[in-house]
Amino acid sequence: MMIGVIADDFTGATDIAGFLVANGLATTQMIGVPEAGTTVEGDAVVVSLKSRSNPAGEAVADSLAALEWLQSLGCRQIFQKYCSTFDSTAKGNIGPVADALMAAIGTDITVVCPALPINGRSIYKGYLFVGDQLLQESGMKDHPITPMTDSNLMRLMEMQSKGRAGVVTTATVERGVEAVRAEIERLRASGVSYVVLDAVSDAHLDVLGQAVADMALVTGGSGLGAGIARAVATGDTGRIEELARAAAEAGTPLHGPGIVISGSCSVMTNAQVAAYRDLAPVFDVDVERCLADPDAYGAEMAEWALAQPQDGGRPAPLITATAKPEVLRGIQARYGAAASEAVERAFAAAARRLADGGIVRFVVAGGETSGSVTQALAVSGFAIGPQIAPGVPWVRAVDRPLSLALKSGNFGAESFFVDCQPAEIRAVIGGAA
Ligand SMILES: Nc1ncnc2c1ncn2[C@@H]1O[C@H](COP(=O)(O)OP(=O)(O)O)[C@@H](O)[C@H]1O
Ligand SMILES: O=C(O)[C@@H](O)C(=O)COP(=O)(O)O
């Protein structure tokens, strides 16, 4: 096994797994840390944790347990995967987890690179941009759990971790692989532990992937994962085609009734919900009812969805808690973090009942939301299929007949929920081919 990934949420895990497969590495995604002794074949394995927003001590313990299992498989590189919008404030978990992984692995240096240019996340002089905006000016400033008010990755890492941070700038990246390696070494010798890597294009990620392919620990987003995969994959086009065929077979969504569950409040998910609302039956979640009795209310959502006909070209029903920033601010001012937790718990209860009721295709928007839903479905791992949009592959549960599309908050086009419908339904309601 070459690469072991520890992902801090479930959409992040499917995101990087999809890019590793697309760039030539046979990859399996595990849900939580498998029992000791569990073995997996392939070039890469991704452990999905739900550790982005829990207390740092828990995130560290879960990540170290994942590390131990990955080391038992003989992984020669560990990849700490977090969000391309960093999703980690001054008190966040990325620094504490990175500190703990460095100590456990026995290294004094790692890199920090959440860039994902294909989805508009780029890093310039250590500042993270989302599209044309600094991270702190993007929709991420209003995130319900991790509002991002700083865009400087060096500052964020130094606030969260024990180490000092430095940066390899675009100018160095453009001088090539050896220049990047030399700069990382120079920074290490000067006492830096966290080297932020600038990247504004896939060409930069190619250079970076080659430069860090031999490091024991790297940290970042799926863009760096793709760069490393391109650097270490055999380059044999036959093998890449064979992997693509295997992925298509493993990941092709199952036929049968589906559901769309949306718990992300991102700008893009708001637009996707608005677009799908005109086409499909919709259940708008009442947060107060989630707070009052999440399990009973979740079951009620599921009964509503199961009663919606899906024959005759009708799209899957949508259950949504997605709210605009001003509405969310009101809810949070009134109920605090309990509101988000209650919504997640209600979605978990709904998911269990939906699967028991025969739903075989789950499209879920939001990382925390996807974590709750997937954990409720009690699956142990995913085979990774083709990407619906960059960073969102179809995945197939390995131990039950379930297909899932776990969508990161800001990923996918406005038509994403339509794009996830079977071809015969898209032919009726429109959407991508
Ligand atoms: N209307 C709402 N009120 C309060 N919290 C909400 C509401 N809708 C969703 N949430 C919560 O917001 C969080 C969104 O996070 P997540 O699912 O990770 O989305 P994203 O991928 O956009 O970060 C979840 O915990 C979800 O339960
Ligand atoms: O890099 C990304 O944006 C994703 O891989 C990711 O981590 C998704 O997290 P959410 O936005 O919370 O879904």
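Let me start with a single pairing in this predicted model: Arg 121 has Val 130, a residue of strand S7, as its bridge partner. If you widen the view from that pair, strand S7 covers residues 127-130 and is joined to S6 by four bridges, with the two strands running antiparallel. These strands belong to an open sheet of three, ordered S6-S7-S8 and paired in antiparallel fashion. Strand S6 (121-124) and strand S8 (133-134) are the edges of that sheet, and each has a single partner strand, so one side of each is left without a neighbour in the sheet.

Now let us step back to the whole chain, which the domain assignment divides into domain 1 (3-233) and domain 2 (252-429). Their C-alpha centres are 27 Å apart, and the contact between them takes 26 residues from domain 1 and 28 residues from domain 2.

Which residues are the closest to ligand 2? Of the 16 residues that surround ligand 2, the closest are Gly 12, Asp 15, Ser 84, Gly 367 and Ser 408. Helix H1, residues 10-22, provides the largest share of this shell, namely three residues. Both domains take part, since the shell around ligand 2 draws at least three residues from each of domain 1 (3-233) and domain 2 (252-429). By class, the shell around ligand 2 holds two nonpolar, eleven polar and three charged residues.

For ligand 1, there are 22 surrounding residues, and the closest are Ser 264, Ala 321, Gly 366, Glu 368 and Gly 409. Which element gives the most to the shell around ligand 1? That is H14, with four residues. How do the residues of this shell divide by class, if we ask about nonpolar, polar and charged? The shell around ligand 1 has ten nonpolar, ten polar and two charged residues.

Technical notes
Residues are numbered from 1 along each chain as its sequence is written. Chains are lettered from A and ligands numbered from 1 in the order in which they are written. This is a predicted model: local features need pLDDT of at least 70, side-chain atom pairs count only at pLDDT 80 or more; totals for chains, interfaces and linings use all residues. A residue is near a molecule or strand if its C-beta atom, placed from the backbone, lies within 6 Å of it. Ala, Val, Leu, Ile, Met, Phe, Trp, Tyr, Cys and Pro count as nonpolar, Asp, Glu, Lys and Arg as charged, and the others, Gly among them, as polar. Domain bounds come from an automatic or database domain assignment. Two strands pair if DSSP finds at least two bridges between them. Two residues are in contact if their C-beta atoms, placed from the backbone, lie within 7 Å.
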